[in-house]
Amino acid sequence: MILRRLYHERLAQASYLIGCETTRRAIVVDPLRDPARYLEAASFDDLRIELVAETHVHADFLSGAEALAGVSGAELLLSSEGGDEETTARVRRTGARGLRDGDSLSLGCVRLDVRHTPGHTPEHLVFVVTDEATSELAVGFLSGDFLFAGDVGRPDLLERAVGIEGSMRRSAAELFRSLQTLRGLPEYLQVWPGHGAGSACGKSLGAVPQTTLGYELRTNWAFQIVDEQEFVRTVLADQPEPPAYFARMKQMNAHGVPAMPDPPRAADLRDRVREGALVVDLRPSAEFLEQHLEGSISLPLGRSFLTYAGSVLDPERDLVLLLPADALHEADSVALDLALIGYDRTLGALPAVGLESFAPRRTASIQSTEASELSARAAGVTVVDVRSAAEWNEGHVPGAVHVPLAHLTSQLPDLRSRQPIVTYCRSGSRSVTAASVLRAAGIADVSNAEGGFEAWLRDEPADVAGQRR
């Protein structure tokens, strides 16, 4: 058996290529939107992609299952479980083979057995893999967004991201029951999850690329709870806010993902910036604060870049990337990454030098406020905490207003009337992004708290800081 884990760092997402060494037939599970990577991987191992499958309808990226099946001539396999009309309609629309619990897929000497594991989503499937050339014993399973290293898939997205009221408690109970079915499987099974640390599809994902069922049964918090209602309360508590783009991903994946856009080739980028294209400034936050183009959005490159981009950028706007001069080589990969979550209007990238040359676009700066001044008791100042609900619940500045970054754009009308505003987060990066969004929306009187909540705690008297943790 050949198994390749194809991991995307900024999405913290894993696709899998599994092939039979005898027949050279292969399956790809949970591919991203761009088929090129999977075709290249299959070619490297001299494999033919004959099957393309998904564990579920994804919310955090655009699926490449239909596109990859189309260009490779493979059969598309999608879940027919869950009883949802939209899921059934997708199977019909794509001409896919609908998979159900108990189905089996053969690549020759490699077999994948299908198990229905509802909870993260109603239609979720996992694939138990057996290398029959070696043994009739299964070797592991592709767990998708059902089971991770150290965590389980969140059951609240249909309600919190898509708006299906009343679904998250029901999904949490289904997740508990699905997890119990794993107790009957051999503990030596390897677990190949669909996400790693940094994904918003769970709240405490481990960073290791794989684990074993036996290890998870002993260490994963979800298996230590034996009461269903206690599990429901625990799994729903302190889940991070779903990024704003999740609902759009669900919709597009259900109804059809457009082909990948062509690589950006705009030749008149400076003119497009002058004319009003949205500038996405990828420099470190400190550089943005000091000087930036008016109306631009600060999104420093890093592990959470796509999560934050999907929360604050408008997919209908033309985008021009502004990169440090020594990082221009990353422009194509950043544009590709944005396309993976549906931002198809990236025109290209420019070096962040000579910002004054973009006239009539003006340069601007954002004032920094000392963390010790973060007290909302100061008359006439609105302190906005853009951290997650879990962070807020652990402690926050007295009198602050909680507006998680994922919800910021929807709260702009209310915030217009609450100037002057000071933004803060844990250490300072998210709050600069938030300040840039507010300024770009015409909310002028905005400053950023230098060092964020961590600096505020250090500056508070010990007895007060202890109360705020």
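A polar contact is a pair of N or O atoms within 3.5 Å; within protein, one must be able to donate a hydrogen and the other to accept it, and residues adjacent in sequence count only if both atoms are side-chain atoms.

I noted that this is a predicted model, in which local features need pLDDT of at least 70, side-chain atom pairs count only at pLDDT 80 or more, and totals for chains, interfaces and linings use all residues. Residues are numbered from 1 along each chain as its sequence is written, and side-chain values use heavy atoms, with hydrogens and water left out.

**Entry 1: S79**

I located S79 in strand 5 (residues 75-79); strands (E, at least two residues) and helices (H or I, at least four) are DSSP runs numbered from the N terminus. The side chain of S79 reaches the backbone oxygen of E123 at 2.7 Å and the backbone nitrogen of E81 at 3.1 Å. S79 counts as buried because its relative accessibility is 6% (buried is under 20% relative accessible area, exposed over 50%, partly exposed in between; 1.4 Å probe, protein chains only).

**Entry 2: helix 12**

I then examined helix 12 (residues 331-340), where 7 of the 10 residues are buried, so the helix is largely enclosed by the rest of the structure. The buried residues include V334, D337 and L338. Their cover includes strand 1 (2-8) and helix 11 (305-312). G342, with a positive phi near 90 degrees, follows helix 12.

**Entry 3: L338**

I listed the contacts (heavy atoms within 4.5 Å) of L338; not counting residues up to four places away in sequence, they include F305, L313 and Y343.
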